[in-house]
Amino acid sequence: GFNIQRNSEDNPFDRQERIEWWSQESLKSSRVLVIGAGAIGNETLKNLALLGIGNILVCDMDTISVSNLSRTVLFRKEDAGKKKAETAALRTMDMSLEPTCSVDYFEGDIVWELGTGVFRYFDVVIGCLDNVETRFALNRGCRLVSKPWIDAGISELSGNIKVFGANEGACYQCFASDDELKAIRMRYACDDFKKRMFSEQKMPTVQISSAIVSALQVQEAIKIILGKKALTGKKIY
């Protein structure tokens with residue numbers, strides 16, 4: 001064998017380590033929680049793997065459908081019907097350029113089945129979600145244990161991210177619109193038909209949008225991990 005030399009063509013992280021304030025060791029030891037393994041989540045996990053993040057947990061409760069494939073870089077045609085979280089974790093691990101990288105997964109309902117202690121373990125949480133209810137739960141969990149998190153949303157060719165500090169500044173509920181608050185109430189309406197229709201909403205979008213917002217999400221996460229000033233309390237549209 002041979003030793004990979006720092007700042008050489010044999011080092012996969014050579015170019016990013018040339019950034020003056022960069023610390024690859026900090027990324028190697030960092031812990032990142034990714035909530036959602038859909039379009040944005042796939043892009044985000046890919047970015048984290050290529051950057052050399054050392055510890056990743058991906059959470060999702062859904063299965064892969066053929067309609068997901070045009071927006072999910074980690075999934076293949078033969079993955080239809082498999083669990084998103086497990087499949088995304090395996091592909092992220094395979095893609096990672098950090099030899100000691102650990103990628104785990106959680107399959108379940110984030111709102112009711114993911115304990116607050118899980119949030120406490122991580123340095124930063126990245127929300128790659130498509131519904132308001134889970135965003136509210138993620139916001140509560142992060143605020144309870146003073147952890148920063150980054151939200152993203154996409155629609156058609158548009159997208160936005162919002163950066164929330166550990167325990168300072170506005171939280172997600174501060175940003176919530178009347179439509180989002182209405183959506184929460186609709187989710188728990190007594191009419192089962194309404195609940196089913198709400199859960200089956202499909203967002204019109206393309207992979208371009210998820211790639212762009214994921215890049216911005218991960219950029220802000222890297223700033224937080226490396227102690228640089230992130231866009232906390234800001235919405236980037």
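**View 1. β2 and β3 run side by side in this predicted model**. The two strands are parallel, with six bridges joining them; strands here are DSSP runs of E with at least two residues, helices are runs of H or I with at least four, and both are numbered from the N terminus. Two strands count as paired if DSSP finds at least two bridges between them. Residues are numbered from 1 along each chain as its sequence is written, and side-chain values use heavy atoms, with hydrogens and water left out.

**View 2. Stepping back to the whole sheet**. Seven strands make an open sheet with mixed pairing, in the order β3-β2-β1-β4-β5-β6-β7. β3 and β7 are the edge strands with a single partner each, so one side of each has no neighbour in the sheet. Helix α3 (39-51) lies across β1 (31-35), β2, β4 (124-127) and β5, and runs at about 165 degrees to β1. Axes are lines fitted to C-alpha atoms, for helices over the stretch in contact, and angles go from 0 to 180 degrees between N-to-C directions. Helix α7 (residues 132-144) also packs on the sheet, where it touches β1, β4 and β5. The direction of α7 makes about 165 degrees with that of β5.

**View 3. A look at Phe 106 in β3**. Is Phe 106 buried or partly exposed? Phe 106 counts as partly exposed because its relative accessibility is 21%; buried means under 20% relative accessible area, exposed over 50%, and partly exposed in between (1.4 Å probe, protein chains only). Skipping neighbours within four places in sequence, its contacts (heavy atoms within 4.5 Å) include Leu 57, Val 58, Ala 85 and Leu 114. Ala 89 is 17 residues away from Phe 106 in sequence, and their C-alpha atoms are 9.4 Å apart.

**View 4. Helix α4 and what it packs against**. Twelve residues, 84-95, make up α4. From first C-alpha to last, α4 reaches 16 Å, close to the expected 16 Å, a span worked out as 1.5 Å times one less than the number of residues. Among its buried residues are Lys 84, Ala 85 and Ala 89. The buried residues of α4 pack against α3, β2 (55-60) and β3 (102-107).

**View 5. The β5-β6 hairpin**. Strands β5 (residues 149-155) and β6 pair in the antiparallel sense over seven bridges. Two residues sit between them, and Glu 156 in the turn has a positive phi of about 55 degrees. Ala 152 has Ile 161 of β6 as its bridge partner, and Ile 161 also stands opposite Ile 236 in β7. β6 (residues 158-164) is mostly covered, with six of its seven residues buried.

View 6. Apart from residues up to four places away in sequence, Asn 47 touches Ser 214, Ala 215 and Val 218. How many disulfides turn up in the whole structure? The search finds zero, a disulfide being a pair of cysteine sulfur atoms within 2.5 Å.

Conventions
Predicted model: local features only at pLDDT ≥ 70, side-chain atom pairs only at ≥ 80, totals over all residues.
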